[in-house]
Amino acid sequence: MQPRNMSMSGVVDLAAVKAAADAKAKAEQARAEAARQGGGASGPAGAVPPSALVIDVDEAAFDSTVIRLSDQVPVVLDFWAEWCEPCKQLGPLLERLTVEANGRLVLAKIDVDANQMLMQQFGIQGIPAVFAVVAGQVLPLFQGAAPEQEIRATLAQLVQVAEERFGLLGLQVDPAAEGAQAPAAAAATGPAAGPYDALLEAAVVALDAGDLAGAVQAYKNVLVDDPGNTEAKLGLAQAELLSRVQHMDPQAVRAAAAEKPKDPQAQIAAADLDLVGGHVEDAFGRLVDTVRVTFGEDRDAVRLRLLELFEVIGADDPRVSAARTALARVLF
């Protein structure tokens, strides 16, 4: 259980995938707008109490709680055990910093003695061990005890990446909201309905008419103001997939994928065709295998496409959960 150097290498790589100043600006604008619209004596609608930012998670609830919640807010995973003395020092510190983040983080505590399978899946050799999940992606943070200043800086960087790369707004927090639904329940039920019915209907009409560009734009218009809108995110992922494959020559694409098993673009194109054809597991397996044999920007491109295909199918699908686990094993 010797501490190792603090590392945010995975997060830094994600941040470098592309410039995302616009996403950050939209996230901040949406957060400010939500605060203005939801304010009042009773606090913002759907707000959670500070105590709901720290949760206990087990293997059975990991996907339904952590993975789903990570689409709204970075989830920090604290692997601990009752017999671990450093854990007793680190745990309260993580809890305090999470509450101080005021909804920009959620802390999920995992007792390794009761959740051996999760410990094995994450490849944990010693505790305390701290990971994060952002938009379904697992990121290693650090292992062992560390000074508060370093942990605070690591969490601040995590929040920054979540906002800039993924536009995650976090959760609205109201100190007077004791008894309100917990974050996991909020994640399961999804965001409250917003004034976007007309735009969403326009996107569906465009899809039915074969106007894929129009559908993509309509969904994007919703997400500009409401980045967490589940229906728009799903619709956009589906419309973009159809746009990518509509002019493909399936025979040529599959021939290229067979001839170049390590070519990321060839495998990405074939995976798109797999998914459109209903071969979901084949598409996911193809991209996980490609992540395994690629590096750097190529690996990032494949991984990001896989995450986009997860959006097409939906987080509730067990095939997505299985593929997320397979991806995590390949990456970490």
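Trainee: Which residues form a disulfide, and how far apart are their sulfur atoms?

Mentor: A disulfide is a covalent bond between the sulfur atoms of two cysteines. In this predicted model, Cys 84 and Cys 87 form one, with their sulfur atoms 2.4 Å apart. The link is right-handed, with 80 degrees about the S-S bond. A search of the whole structure finds one disulfide.

Trainee: Is Cys 84 buried or exposed? And Cys 87?

Mentor: Buried means under 20% relative accessible area. Cys 84 has 0%, so Cys 84 is buried. Cys 87 is at 5%, so Cys 87 counts as buried too.

Trainee: Next, the core. Which residues touch the most other members of the largest nonpolar core?

Mentor: Phe 62, Leu 77, Phe 79 and Phe 122 do, in a core of 31 residues. Helix 3, strand 2 (75-80), strand 3 (106-111), helix 5 and strand 4 (129-134) each supply at least two residues of this core. Another core, of 28 residues, lies apart from it; Leu 241 and Leu 304 are among its members.

Trainee: What is Phe 62 in contact with, beyond its neighbours within four places in sequence?

Mentor: Val 57, Ile 67, Leu 77, Ile 110, Leu 118 and Phe 122.

Trainee: Now the second largest pocket. How many residues line it, and which lie nearest its centre?

Mentor: The lining has 21 residues. The space is about 310 Å³.

Trainee: Which helix gives the most to that lining?

Mentor: Helix 15, with seven residues. By class, the lining has eleven nonpolar, five polar and five charged residues.

Key. Residues are numbered from 1 along each chain as its sequence is written. This is a predicted model: local features need pLDDT of at least 70, side-chain atom pairs count only at pLDDT 80 or more; totals for chains, interfaces and linings use all residues. Side-chain values use heavy atoms; hydrogens and water are left out. On a 1 Å grid over the protein atoms alone, a cavity is a set of points where a 1.4 Å probe fits but cannot get out, and a pocket is an open set with protein on both sides within 12 Å along at least five of seven lines; lining residues have an atom within 4 Å of a point. Grid points are joined across faces, edges and corners, and a volume is the space filled by probe spheres set on the points. Helices (H or I, at least four residues) and strands (E, at least two) are DSSP runs, numbered from the N terminus. Ala, Val, Leu, Ile, Met, Phe, Trp, Tyr, Cys and Pro count as nonpolar, Asp, Glu, Lys and Arg as charged, and the others, Gly among them, as polar. A nonpolar core is a set of buried Ala, Val, Leu, Ile, Met, Phe, Trp, Tyr and Cys residues joined through side-chain atoms within 4.5 Å. Buried means under 20% relative accessible area, exposed over 50%, partly exposed in between (1.4 Å probe, protein chains only). Contact means heavy atoms within 4.5 Å. A disulfide is a pair of cysteine sulfur atoms within 2.5 Å.
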